[in-house]
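Me: Got a model open here and want a quick walk through it. Can we start with the pockets?

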Amino acid sequence: MRAALEEAAVASGAGDVPVGAVVVDADQRVLARAHNRREADGDPTAHAEVLALRAAAAARGSWRLAGCTLVVTLEPCTMCAGATVAARVDRLVFGADDPKAGAVGSLWDVVRDRRLNHRPEVVAGVLADECAELLRAWFTTRRQAPPLR
């Protein structure tokens with residue numbers, strides 16, 4: 001989670017919502033690291049999780065990420081939860097809950113839906129306070145900024 005927090009800090013510095021993600025293999029080797037790049041790329045799908053999963057698949061040479069763990073600072077949204085299932089990730093670890101858009105228990109529970117053919121193990125709340133504080137601080141700063149003209 002510390003590596004994901006480092007990625008989140010990069011996103012914050014670049015003007016994106018500070019969310020970071022890391023994919024590690026069964027031997028705990030980092031396959032990919034990413035942070036939100038929606039603003040930087042002008043891409044609504046450039047969430048940290050999606051970018052990390054894409055990079056991990058490229059590093060592995062396969063879209064199937066069995067044996068891998070996705071670690072992310074914020075509870076994934078529906079798109080990212082779906083991508084996690086589609087990639088066949090074995091474990092999803094996240095920090096802060098997302099009561100407004102979370103799809104791993106807060107609003108929906110995409111990754112545990114029994115109708116799907118794959119359900120990763122979920123570990124929630126890892127360094128949750130640190131992850132949430134990074135987001136709180138970023139949004140507080142954004143609300144205090146003068147509006148763009």
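Predicted model: local features only at pLDDT ≥ 70, side-chain atom pairs only at ≥ 80, totals over all residues.

Me: Fine. Which helix gives the most to the lining of the largest pocket?
Reply: Helix 5, residues 128-144. It supplies 5 residues to that lining.

Me: How many residues line the largest pocket in total, and which lie nearest its centre?
Reply: The lining has 22 residues. Nearest the centre are V17, L74, D98, L135 and F139.

Me: And what volume does the largest pocket have?
Reply: About 560 Å³.

Me: How does the lining divide into nonpolar, polar and charged?
Reply: 12 nonpolar, 2 polar and 8 charged.

Me: W138, buried or exposed?
Reply: W138 is buried, at 10% relative accessible area. F139 is partly exposed, at 32%.

Me: Why is F139 called partly exposed?
Reply: Because buried means under 20% and exposed means over 50%. F139, at 32%, falls in between.

Me: New topic. Where is N36?
Reply: In the loop between strand 2 (30-35) and helix 2 (38-41). N36 counts as buried, with 6% relative accessibility.

Me: What does the side chain of N36 have a polar atom 2.8 Å from?
Reply: The backbone nitrogen of A48.

Me: Which residues does N36 touch?
Reply: Leaving out residues up to four places away in sequence, N36 touches A11, D16, V17, V19, A46, H47 and A48.

Me: Last one, L92. Which strand is it in?
Reply: L92 lies in strand 4, residues 91-96. L92 is buried, at 0% relative accessibility.

Me: What does L92 touch, with residues up to four places away in sequence not counted?
Reply: On that basis, the contacts of L92 are L70, V72, P76, T84, V104, V111, P120, E121, V122 and V123.

Me: How far apart are L92 and V23?
Reply: In sequence, 69 residues. In space, 9.4 Å from C-alpha to C-alpha.

Terms used. Residues numbered from 1 in each chain as written. Heavy atoms only, no water. 1 Å grid on protein atoms, 1.4 Å probe; cavity = no way out; pocket = protein on both sides within 12 Å on 5 of 7 lines; lining within 4 Å. Points joined across faces, edges and corners; volume = space filled by probe spheres on them. Helix = DSSP H or I, 4+ residues; strand = E, 2+ residues; numbered from the N terminus. Nonpolar A, V, L, I, M, F, W, Y, C, P; charged D, E, K, R; others polar. Buried < 20%, exposed > 50% of the residue type's maximum accessible area, 1.4 Å probe, protein only. Polar contact = N/O pair within 3.5 Å; in protein donor to acceptor, adjacent residues only side chain to side chain. Contact = heavy atoms within 4.5 Å.
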